[in-house]
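Student: Could you take me through one part of this model slowly? I would like a close look at a single stretch and what lies around it.

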Amino acid sequence: MSPSGTGCLGAGSTVRTRIALVYGGVFLVLGALLLLVVNLLVRAGTDGEKEAIVARAGEVAVVEAYRIGDDVGRAANEQMLMWSCLALLVIACGAVVVGWWTAGRVLRPVHEMTARARRLSERDLGGRLAVRGPDDELKELGDTIDALLGRLETAFDSQRRFIANASHELRTPLATQRAALQVGLDEDCEVRRILLDTNRHSERLLDGLLLLARGERGLAEREDVPFAEVVAEEYEDVAVAGDGVVRGSRVLLRQLVRNLVANAVAHNVPGGTVDVRVAGGVLTVVNTGPVVPPDEVESLFEPFRRGAGRDRTGPGAGLGLSIVRSIATAHGGTATAVARGAGEGGGLVVTVTLPATVTRRS
């Protein structure tokens with residue numbers, strides 16, 4: 001078997017198939033060896049019987065007796081070999097079937113563990129494999145995975161609580177600082193303007209962290225939300241090809257649209273354009289702007305990443321597309337982006353795809 005564990009059967013073969021074929025192959029080899037030994041012993045015994053028969057024949061009939069003995073022995077050996085090979089093939093096929101059935105029974109707990117594991121994600125770590133049965137290697141593996149899931153759930157919950165609590169705790173002193181700056185400094189003071197801008201930037205950052213933490217916790221409650229209607233509430237010039245009902249949070253979906261459009265506007269060029277289209281559960285936002293290298297597009301969805309030419313003291317917090325993807329994932333959807341070339345005006349094509357029941361417009 002190769003190091004990858006798939007052997008000569010290829011990557012598409014299953015463990016159950018390999019077990020069944022190995023079971024049948026081993027039986028075939030051992031059966032062939034058994035039949036070879038049996039045939040050799042039978043042939044040796046037949047030769048001995050032939051000599052005894054010839055010894056009892058008269059001198060005149062010796063030659064004829066030898067000839068008849070050879071013919072009888074050859075015919076017996078041919079018949080035995082033919083029927084032995086046929087029986088071996090039939091039983092080998094039966095061994096493959098038995099191996100397939102046995103492997104299925106043995107691997108059934110593994111299939112159940114795989115199906116349960118696929119339903120888990122970083123936003124739903126509350127489930128467990130909960131393997132039942134005898135205290136064997138498979139149950140030990142299931143218990144080990146459950147313990148790992150428990151540790152991951154604790155770590156994720158601790159991280160989300162820290163972000164939410166820290167954001168909440170910091171909002172009060174920031175609000176106090178803003179009030180003190182507005183009251184204590186003259187409006188024409190340059191220092192007042194700089195400090196207020198810094199204060200607003202910090203507040204936007206905390207609001208973004210709160211929203212990001214909320215999106216990563218998943219959705220506790222869901223409702224039917226007309227997606228095109230939500231998009232139109234945030235952007236009046238949207239082109240609607242068909243409405244779609246999304247099961248989720250209307251507040252978070254509005255924030256998704258708001259962040260996506262705001263990001264397209266903020267990273268645009270003077271005199272540029274923003275095109276918003278919705279069809280069913282698919283929202284597409286296209287903008288002009290700086291040319292983004294294709295290999296850097298995916299990194300724009302990471303927290304605190306900004307587009308070309310933007311720094312950490314700018315008006316954005318670097319959370320816009322991170323929040324968009326987080327909310328889309330919480331609704332069972334995806335958020336992707338494709339860079340436009342210089343000949344197309346630069347910028348990005350960002351597509352959010354959500355599972356929705358589509359209603360076409362007449």
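Tutor: Let's start with N268, which lies in the loop between helix 6 and strand 3 (274-279). Helices (H or I, at least four residues) and strands (E, at least two) are DSSP runs, numbered from the N terminus. This is a predicted model, in which local features need pLDDT of at least 70 and side-chain atom pairs count only at pLDDT 80 or more, while totals for chains, interfaces and linings use all residues. Residues are numbered from 1 along each chain as its sequence is written, and side-chain values use heavy atoms, with hydrogens and water left out.

If we leave aside neighbours within four places in sequence, N268 is in contact (heavy atoms within 4.5 Å) with T273, V274, N287, T288 and G289. N268 and L348 are 80 residues apart in sequence, yet their C-alpha atoms are 9.7 Å apart in space.

Now turn to helix 6 itself. Helix 6 (residues 250-266) and helix 5 (residues 227-234) have axes that come within 9 Å and cross at roughly 50 degrees. Here axes are lines fitted to C-alpha atoms, for helices over the stretch in contact, and angles run from 0 to 180 degrees between N-to-C directions. Angles under 35 degrees count as roughly parallel, over 145 as roughly antiparallel, 65 to 115 as roughly perpendicular and the rest as oblique, so helix 5 and helix 6 are oblique to each other. The contact is made by F227, E229, V230, V231, E233 and E234 of helix 5, together with R250, L253, R254, V257 and R258 of helix 6. By class, this contact of helix 5 with helix 6 has 5 nonpolar, no polar and 6 charged residues. For these classes, Ala, Val, Leu, Ile, Met, Phe, Trp, Tyr, Cys and Pro count as nonpolar, Asp, Glu, Lys and Arg as charged, and the others, Gly among them, as polar.

Helix 6 also packs with helix 7 (residues 320-330), at an angle of about 150 degrees and with the axes 9 Å apart. That makes helix 6 roughly antiparallel to helix 7. On the helix 6 side, the contact includes L252, L253 and Q255, and on the helix 7 side it includes G320, L321 and I323. The contact of helix 6 with helix 7 divides into 9 nonpolar, 4 polar and no charged residues.
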